[in-house]
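Trainee: I would like to learn how to read the packing of helices and a few other features in a model such as this one. Could we go through them slowly, one after another?

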Amino acid sequence: MLSESPPKRSLNIGNINANVKEAKYAVRGELAIKSEQYRAQLAKGEGKDLPFDTVIAANIGNPQQLDQKPITFFRQVTSLLENPLLLEHEDVLKNGLGYKEDVIARAKTLLKDVKSVGAYSQSQGAPGIRKSVAKFIEKRDGYPAEPDNIYLCAGASSGVNCLMNIICATPNTGVLVPIPQYPLYTATLALMNAKVVPYYLNEENAWGTNIDGIRDALKKAQSEGIDVRAVVVINPGNPTGASLQPENINSVLELCAEEKLVMLADEVYQTNIFEGEFHSFKKGLRDLQKSEKNKDGKFDNVELASLHSISKGMVGECGHRGGYYEMVGFDKEVVAQIYKFVSIMLCPPVIGQCIVEMMVNPPSEGEPSYPLYREEYDGIMSGLYSRAHALYKAFSEMEGVSCQPPQGSMYLFPTITLPEKAVAAAKEKGKGPDEYYCLRLLDATGICIVPGSGFGQKEGTLHFRTTFLAPGTEWVGRITKFHKEFLDEYR
Ligand SMILES: Cc1ncc(COP(=O)(O)O)c(C=O)c1O
């Protein structure tokens, strides 16, 4: 019999925003929660019966949680921004703490721009910092960039959230999202009660974008009456690591021009490149606008928003929450609404903004902090490179596993083929086969990875994603050993 007593609270699981319940975010899901429980157990000196003595969080791109050291220049400047009184003791800073002249000069410049990191800045971000970002983009692409087109944000996630809020007008609005994808996109669209229009990346072709596949996905969605407004590309890819060539970029921009789609280019991994170089969507667009292909003005009004972040690369300052997006080609009235939207949030964290400035304008050759900055930057890069390759080599030698060579970002996303009996065992436990594999790996080794289903994968295929951020390579051996034992158990 139903209870007659009145509810004790206003909120219950049946009456809160259904869109929040609908959203899924696997990289911090069940496996991550269980791994944190193991970590807490070990920290308390319990868990003597566990078959491992450390927990490895290979589920999320969180570099400093995995012992990546912050770059000294960034933190020295930040320390002065947080406590400007230290600037009254330059001799102590220089002679006692080894702060270089350029650290002190940068702190003073930034403080002049923001006044205090405890003060709100302009909603769009501090003007001097936006100027530095524009200069960086100009240098990177060889085309002018306008500080007014730059919006600083609390990490790329916050930029995506803002843009999706503007784009998603009705429950029938659709956004083309790559599969597999970083689940920020599907989760944000779920929160907006808008439609994910999936397009599949091409694993056989190093996870490249297949423009015919995107066109087909668009046509199918349009035929179902979905109002598709934008296309997301993650370059370099998460979870795939794929780094796109100019031809790929141009073909997506052509589609945007022909179908009037907003181009959302998530470029947060632009410095995590192991092979070749990074090609930005902004440069691709400006090249097309200058080319013969634009003789009828086809590309003149392409709306492009490109995002970058302090969270990734060699900076790895994800806890400080900083990033920016550059918007070009948008209607003025739309931009005014975007400005209003960001104003409602007041401003992004000001320390995060200052780190964005240092990311885009690091010490340059000849400046006193340069040698150490270079050494630290190169050390992080080569560590990532060697761990990526150690992991790739291990995966290549594992039975039933195939993996694309590391190209960029912080992840590998191998395919796994599991024995029928393992698939059946997973089903019995109410889990997907990849999810079951990852849970068993966690229980056996303490290593937390994410099942491919958390990012989306082609029907009938199984994957997992691991970062290669964890120090050392001992943990790679734990995966190899587990994998062999798992296959033997279910053969
Ligand atoms: C592709 C991609 N975009 C955006 C983000 C979010 O970055 P941020 O920390 O700048 O919000 C991540 C984080 O892992 C990511 O992988």
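Mentor: Please keep in mind throughout that this is a predicted model. In general, two packed helices are described by the angle between their axes and the distance between the axes. In this structure, helix α16 (residues 433-445) packs with helix α17 (residues 474-490) at an angle of about 120 degrees, and their axes are 10 Å apart.

Trainee: Which word describes how α16 and α17 lie to each other?

Mentor: Angles of 65 to 115 degrees count as roughly perpendicular and those over 145 as roughly antiparallel, and α16 and α17 are therefore oblique to each other. The crossing in which α16 passes α17 is right-handed. On the α16 side the contact is made by Y437, R440, L441, A444 and T445, while α17 brings R478, I479, F482 and F486. Sorted by class, this contact of α16 with α17 holds six nonpolar, one polar and two charged residues.

Trainee: How do α9 and α10 pack, and at what angle?

Mentor: Helix α9 (residues 211-223) and helix α10 (residues 246-259) pack at an angle of about 25 degrees, with their axes 10 Å apart. Since angles under 35 degrees count as roughly parallel, α9 and α10 are therefore given that description, roughly parallel to each other. Their crossing is right-handed, and the contact is formed by I211, I214, R215 and L218 of α9 together with S251, V252, L255 and E259 of α10. Those residues divide into five nonpolar, one polar and two charged.

Trainee: How many residues surround the ligand, and which are the closest?

Mentor: The ligand is surrounded by 14 residues, of which the closest are G155, A156, S157, S309 and S311. By class, that shell has six nonpolar, seven polar and one charged residues.

Definitions and conventions:
Residues are numbered from 1 along each chain as its sequence is written. This is a predicted model: local features need pLDDT of at least 70, side-chain atom pairs count only at pLDDT 80 or more; totals for chains, interfaces and linings use all residues. Axes are lines fitted to C-alpha atoms, for helices over the stretch in contact, and angles run from 0 to 180 degrees between N-to-C directions. Helices (H or I, at least four residues) and strands (E, at least two) are DSSP runs, numbered from the N terminus. A crossing is left-handed if the near helix is turned anticlockwise from the far one by less than a right angle, and right-handed if clockwise. Two residues are in contact if their C-beta atoms, placed from the backbone, lie within 7 Å. Ala, Val, Leu, Ile, Met, Phe, Trp, Tyr, Cys and Pro count as nonpolar, Asp, Glu, Lys and Arg as charged, and the others, Gly among them, as polar. A residue is near a molecule or strand if its C-beta atom, placed from the backbone, lies within 6 Å of it.
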